[in-house]
Amino acid sequence: LERQSITGHSMGGHGALTLAMGRPGQYRSVSAFSPICNPMGSNWGQKQFTSYLGDDQSLWKPHDASHQMQEVGFDGPVLIDTGTQDQFLDLLKPETLAFAMAKRRQDGHLRMQKGYDHSYFFVSSFMEDHVAFHAEALYAD
């Protein structure tokens, strides 16, 4: 159990990112497929946070991957894949996470995969990359 990694797709990808950053030292690597990167920056996310957490935006911050990346970062490598044809691209806001990663000089990659959408075909197309990415982090040392 001392060697763990975490991954997810869409909202699960967002969860993987926020859990990894919210629990320092627990995960050696984190990856995500089409994660929702900045829910505080969208009307949809603001509605969800208000419904679940109330109006106090300080309570929202631990649940926003881009904010968490800016504030605490992650102590291992990060791999993000998002399709250029993802029908939810404006909601996902991968550019906010990319900016936060660059500003923090986070070890990681955000890859925009040409022609892919939000589907499980997209996930299955790059799953081998993510497994290899996590294996490298898990078996380092």
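1. The largest nonpolar core holds 17 residues, and Leu17, Val30, Met69, Phe74, Val78 and Leu97 have the most contacts inside it. Such a core is a set of buried Ala, Val, Leu, Ile, Met, Phe, Trp, Tyr and Cys residues joined through side-chain atoms within 4.5 Å. Helix 1, strand 2, helix 3, strand 3 and helix 5 each give two or more residues to this core. Helix 1 supplies the largest share, 4 residues. In soluble globular proteins, nonpolar side chains tend to be buried together.

2. On the basis of the model: it is predicted, local features need pLDDT of at least 70, side-chain atom pairs count only at pLDDT 80 or more, and totals for chains, interfaces and linings use all residues. Residues are numbered from 1 along each chain as its sequence is written, and side-chain values use heavy atoms, with hydrogens and water left out.

3. Helix 1 (residues 11–22) has 12 residues and reaches 16 Å from first to last C-alpha, close to the 16 Å expected. The expected span is 1.5 Å times one less than the number of residues. Helices (H or I, at least four residues) and strands (E, at least two) are DSSP runs, numbered from the N terminus.

4. Gly13, His14, Ala16, Leu17, Thr18, Ala20 and Met21 are the buried residues of helix 1. Buried means under 20% relative accessible area, exposed over 50%, and partly exposed in between (1.4 Å probe, protein chains only). Their cover includes strand 1 (5–9), strand 2 (29–33), helix 3 (65–71), strand 3 (78–83) and helix 5 (94–104).

5. Beyond its neighbours within four places in sequence, Met69 is in contact (heavy atoms within 4.5 Å) with Met21, Phe74, Val78, Leu97, Ala100, Met101, Arg104 and Gln106.

6. There are 2 salt bridges, each a side-chain nitrogen of Lys or Arg within 4 Å of a carboxyl oxygen of Asp or Glu. Asp81 and Arg111 meet at 2.7 Å, N to O. Asp81 lies in strand 3 and Arg111 in strand 4 (residues 108–113), so this pair ties together parts 30 residues apart in sequence. Asp81 is buried, at 0% relative accessible area; Arg111 is partly exposed, at 26%.

7. Arg111 also forms a salt bridge with Asp129, with the closest N and O atoms 3.0 Å apart. Asp129 sits in helix 6 (residues 120–138), 18 residues from Arg111 in strand 4. Asp129 is partly exposed, at 34% relative accessibility. Shared partners join Asp81, Arg111 and Asp129 into one network.
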